[in-house]
Amino acid sequence: MALTDNSRPFHANAEAYGLEYPDGVRFAEDIALSRPETRVPTDRYTSPAFAHREHERLWKQVWQMACRAEDIPDPGDFREYTIGDQSFLIVRGDDGAIRAFANACRHRGNTLRTGAGSCRQIRCRYHGWAWTLDGRLADIPDRHLTTGVTDDDYGLAEAAVGEWAGFVFLHPDREAAPPLADFLGALPGQLAGYHLDRMRATTDVTVRLACNWKVAVEAFLEVYHVQKIHPQLMPRIDDVNTAFELIGEHSRMIVPYGVPSMRLDDIDPVRTFRAFGESGSAHTPPVAALPPELFDEQGRLVGDLTVRAYLMEQARRRGEAMGHDYSGLTDGQMIDDWHYYVFPGLVFNTHAGGFYLFRIRPELGDPDFCRFDLLIFRWPDETAPPPERVAHTEADAATASFGKVLDQDFANLPGVQRGLHHDRLREVTLLTSEVRIVHLHRVLDRYLAGEDVDVTEPAELTGDRA
């Protein structure tokens with residue numbers, strides 16, 4: 001990515017630090033948005049009627065991540081996925097295939113299974129109707145008393161299922177679902193070098209947040225807020241030199257690490273490293289301590305060594321020692337945050353050797369709350385036995401800690417939601433550095449209008465929002 005006349009005055013140190021960017025991304029100064037696109041009505045976040053439209057026209061008509069393939073490794077393993085009032089069972093069959101079924105008994109509607117577990121048949125606990133692991137009707141007690149019930153007509157209703165990089169995706173409308181590969185577009189190719197399928201969860205927790213699902217998603221689609229909400233990150237990440245790309249229905253931003261924000265003056269490189277190595281951050285891959293021989297008598301880094309170069313080198317060496325294949329990653333990708341948003345509710349910070357994943361879903365009937373699933377993934381040591389699958393837990397955002405950065409985000413979001421209800425605030429105003437939020441609403445509008453979303457062509461960075 002080359003600097004333009006628009007961006008050069010604001011990103012002079014991008015070249016000085018040797019920052020790397022993939023083709024297709026742009027700085028905020030090179031993004032043009034119309035005035036209507038940058039104004040979002042507040043009732044999109046607060047209206048029960050609008051939330052109902054989203055439930056019917058978006059969440060019932062879109063691909064969404066249901067679980068990981070390793071969550072259901074063996075035949076008979078299942079995991080429940082819920083969105084609003086819709087529940088689905090993700091089941092591993094005897095043939096090894098993964099299927100998703102409507103989690104409702106064909107007799108009188110009882111929920112067949114909850115949570116996660118394993119079974120040899122999907123048998124209802126109410127009256128005992130049962131289905132095979134591939135959804136075929138297997139048994140009806142007192143079947144001679146039924147009328148017009150045939151095996152062919154009474155299989156469990158299926159949703160569409162697709163897999164990518166260890167993720168299991170579900171589309172509630174099997175007949176209308178486009179191929180998952182078409183939905184994802186360029187994302188699998190862009191992320192192939194990270195080997196996300198090799199990652200395993202070390203944290204799996206769900207919290208209920210007092211904000212609309214879009215408020216939660218949008219908090220992670222820009223770095224404009226870092227200077228005020230996360231000031232401790234400023235010495236080690238460059239929010240100003242963050243670049244953006246829209247990818248079909250989705251988007252990404254490249255956030256440089258190991259360099260200070262351009263908003264700061266004369267940052268000591270040692271301070272950058274120490275800030276980078278702080279614990280309790282959602283944006284910190286593990287780093288080794290700086291050895292004493294890297295400093296002179298005044299405590300300065302010796303020679304031409306830079307913190308960024310040292311961290312990139314150490315990350316690659318550490319991964320190689322654990323049998324990780326980073327041959328598909330540039331040096332910058334070893335520490336930079338390749339931050340992705342998969343519409344509508346999946347957000348992840350991607351680094352060499354690990355990523356943070358946020359799955360955000362609306363709460364049925366109440367636009368002021370959402371479900372926030374936090375999963376932390378690490379690439380295990382390939383030279384050691386594989387780790388056990390971490391157990392899923394529920395937590396209270398008001399009392400639990402999720403690391404300093406997420407604690408700061410979670411503390412801020414309820415106030416945003418309260419402000420959106422104010423009678424004197426009718427719309428919010430977005431900057432070009434918040435283009436990913438603009439794009440979220442652009443794509444959302446297409447779903448609400450019942451329009452086909454073309455995911456085969458790159459998204460444009462201009463145009464009016466309906």
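User: Why is D142 called exposed?

Analyst: This is a predicted model, and its values are computed. D142 has a relative accessibility of 53%. Exposed means over 50%, so D142 counts as exposed. D142 sits in the loop between β9 (137-139) and β10 (158-164).

User: What is the phi of D142?

Analyst: Phi of D142 is near 55°. That is a positive value in a residue other than glycine. H195 also has phi near 55°, and H195 is not glycine either. H195 lies in the loop between α5 (187-191) and β12 (200-209).

User: Why is H195 called partly exposed?

Analyst: The relative accessible area of H195 is 25%. Buried would need a value under 20%, and exposed one over 50%. The value for H195 falls in between, so H195 is partly exposed.

User: What makes Q333 buried?

Analyst: Q333 has a relative accessible area of 5%. The limit for buried is under 20%, so Q333 is buried. Q333 is in the loop between α9 (307-321) and β15 (337-342). Leaving out residues up to four places away in sequence, Q333 touches Y194, G328, W338, H351 and A352.

User: And A49, buried or exposed?

Analyst: A49 is exposed, because its relative accessible area of 52% is over the 50% cut-off. A49 belongs to helix α3 (residues 48-59). A49 and M312 are 263 residues apart along the chain, and their C-alpha atoms are separated by 49 Å.

User: How do you know that the span of α10 is close to the expected one?

Analyst: Helix α10 (residues 404-420) has 17 residues. At 1.5 Å a residue, 24 Å is expected. From its first C-alpha to its last, α10 reaches 25 Å. The two values are close.

User: Which residues of α10 are buried?

Analyst: They are V405, L406, Q408, D409, F410, L413, Q417 and L420. An α-helix has 3.6 residues a turn, so residues three or four places apart point the same way.

User: Which residues have the most contacts inside the largest nonpolar core?

Analyst: They are I90, F169, F348 and F372. This core has 118 residues. Helix α11 (residues 435-448) gives the most to it, with eight residues. Apart from this core lies another, of 16 residues, including L89, V91, W131 and I140.

User: What is F372 in contact with, beyond its neighbours within four places in sequence?

Analyst: F372 is in contact with V205, T206, V207, L209, A216, F220, F358, R359, I360 and F410. F410 is also one of the buried residues of α10.

User: How many cavities of 30 Å³ or more are there?

Analyst: The count is two. β17 gives the most, with three.

User: What kinds of residue line the second largest cavity?

Analyst: The lining divides into 10 nonpolar, two polar and two charged residues.

User: What makes the peptide bond from F343 to P344 stand out?

Analyst: The peptide bond from F343 to P344 is cis, with omega near 5°. P344 is in the loop between β15 and β16 (346-351).

How values were computed:
Residues numbered from 1 in each chain as written. Predicted model: local features only at pLDDT ≥ 70, side-chain atom pairs only at ≥ 80, totals over all residues. Heavy atoms only, no water. Helix = DSSP H or I, 4+ residues; strand = E, 2+ residues; numbered from the N terminus. Expected span 1.5 Å × (residues − 1). Buried < 20%, exposed > 50% of the residue type's maximum accessible area, 1.4 Å probe, protein only. 1 Å grid on protein atoms, 1.4 Å probe; cavity = no way out; pocket = protein on both sides within 12 Å on 5 of 7 lines; lining within 4 Å. Points joined across faces, edges and corners; volume = space filled by probe spheres on them. Nonpolar A, V, L, I, M, F, W, Y, C, P; charged D, E, K, R; others polar. Core = buried A, V, L, I, M, F, W, Y, C linked by side-chain atoms within 4.5 Å. Contact = heavy atoms within 4.5 Å.
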